[in-house]
Amino acid sequence: MKTPYKIILFLLIFTLGFYLLRTQGEYIYYSVETLVADLGGLAYLYSTVGIIFAIFAAFVILFEAERWNNLTDAVKGEVGELNELWLWSHHLPGNLKTDFEGNIRQYLETLIEDGWQGGESGQKNLKINSILDSLHGNIYKILREAPNLMPEIFSTFTNVIKYREKRVHYVSFHLPKILKVTLLFSDVLLIVLSLLIGVRNPWLDYLFVVSVATLGYLIYLVVDDMDNPIRPGGWHLTTSDYQELLIKIKV
């Protein structure tokens, strides 16, 4: 479900719950008059909970943002090194040049076709592994047919492997469950406690609590979206960079 629909559904459910609480609250011992009378230091305590939630949410979002940046850097690096490897292949003799370019094209086509298959579990694409083995074998042939190109091409190939390892790692890495559960708990706690701030005017009360609830829900959606980079969403890793390079190679 797309984020706007999730928010609309959340607002509908929350509005219904708020209405029932204000009109039928006496059946579960919820009384606005009692809450207003006992307000006292509740606002101060609530603000303390809000500050703790804000600090924790900021920490989690920064953690996920750093991971996203590392992931995109790994993708950009992998594509850049593949492009460099393709450029170096132009200087190789005959059949070796053809084999090299064919391996790079197959690498890109397989990755684009299979997407991030097995990415969340950290499993590597077996087809890609086979292509890399073939590339490695061709690099060994360079040692005999074009030894002067060996250092540059081997270094570039090594960088491709390094960036691929980083990409697989960051795609499969997820926020520790304890952090995500704690964030969800503090989010729910903030929303529930907002209902205990007594306000006589129902419209003013609704405006306050629905703003708090929506903001808390949006923060959780942002974190959940960032924690699943290969799932369609605001932070969605695509194969567009690989597609651009493949088009360049085929021209």
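## Nonpolar cores

In this predicted model, the largest nonpolar core contains 35 residues. The residues with the most contacts inside this core are L92, F100, Y107, L108, I142 and I153.

Leaving aside residues up to four places away in sequence, L92 touches K97, F100, I142, A146, L149 and I153.

## Aromatic pairs

Six aromatic pairs are found in a search of the whole structure. A pair of aromatic rings is described by the distance of the centres and the angle of the planes. One of the pairs is F10 with F14, which is stacked, with 6.0 Å centre to centre and 20° between the planes. F10 and F14 are separated by about one helical turn, because they are four residues apart in helix α1 (residues 3-24). Both F10 and F14 are buried.

Y46 and F208 form another aromatic pair, and this one is tilted. The ring centres of Y46 and F208 are 6.4 Å apart, and the angle between the planes is 55°. Y46 belongs to helix α3 and F208 to helix α8, so the pair ties together parts that are 162 residues apart in sequence. Y46 has a relative accessible area of 13% and is therefore buried. F208 has a relative accessible area of 35%, so F208 is partly exposed.

## An aromatic cluster and a charge over a ring

F10 and F14 also belong to an aromatic cluster, together with Y217.

A ring is also involved in a contact with a charged side chain. The charged end of K162 sits over the ring of Y163, at 4.9 Å from the ring centre.

## Helix α8

Helix α8, which contains F208, covers residues 202-226 and has 25 residues. From its first C-alpha to its last, α8 reaches 36 Å. This is close to the 36 Å expected at 1.5 Å a residue.

At the start of α8, N201 makes a contact with the backbone. A side-chain oxygen of N201 reaches to within 2.9 Å of the backbone nitrogen of W203.

How values were computed: Residues are numbered from 1 along each chain as its sequence is written. This is a predicted model: local features need pLDDT of at least 70, side-chain atom pairs count only at pLDDT 80 or more; totals for chains, interfaces and linings use all residues. Side-chain values use heavy atoms; hydrogens and water are left out. Helices (H or I, at least four residues) and strands (E, at least two) are DSSP runs, numbered from the N terminus. The expected span of a helix is 1.5 Å times one less than its number of residues. A polar contact is a pair of N or O atoms within 3.5 Å; within protein, one must be able to donate a hydrogen and the other to accept it, and residues adjacent in sequence count only if both atoms are side-chain atoms. A nonpolar core is a set of buried Ala, Val, Leu, Ile, Met, Phe, Trp, Tyr and Cys residues joined through side-chain atoms within 4.5 Å. Buried means under 20% relative accessible area, exposed over 50%, partly exposed in between (1.4 Å probe, protein chains only). Contact means heavy atoms within 4.5 Å. Rings of Phe, Tyr and Trp (its six-membered ring) pair if their centres lie within 6.5 Å; planes under 30 degrees apart count as stacked, over 60 as edge-to-face and the rest as tilted. A charge sits over a ring if NZ of Lys or CZ of Arg is within 6 Å of the ring centre and within 35 degrees of the ring normal.
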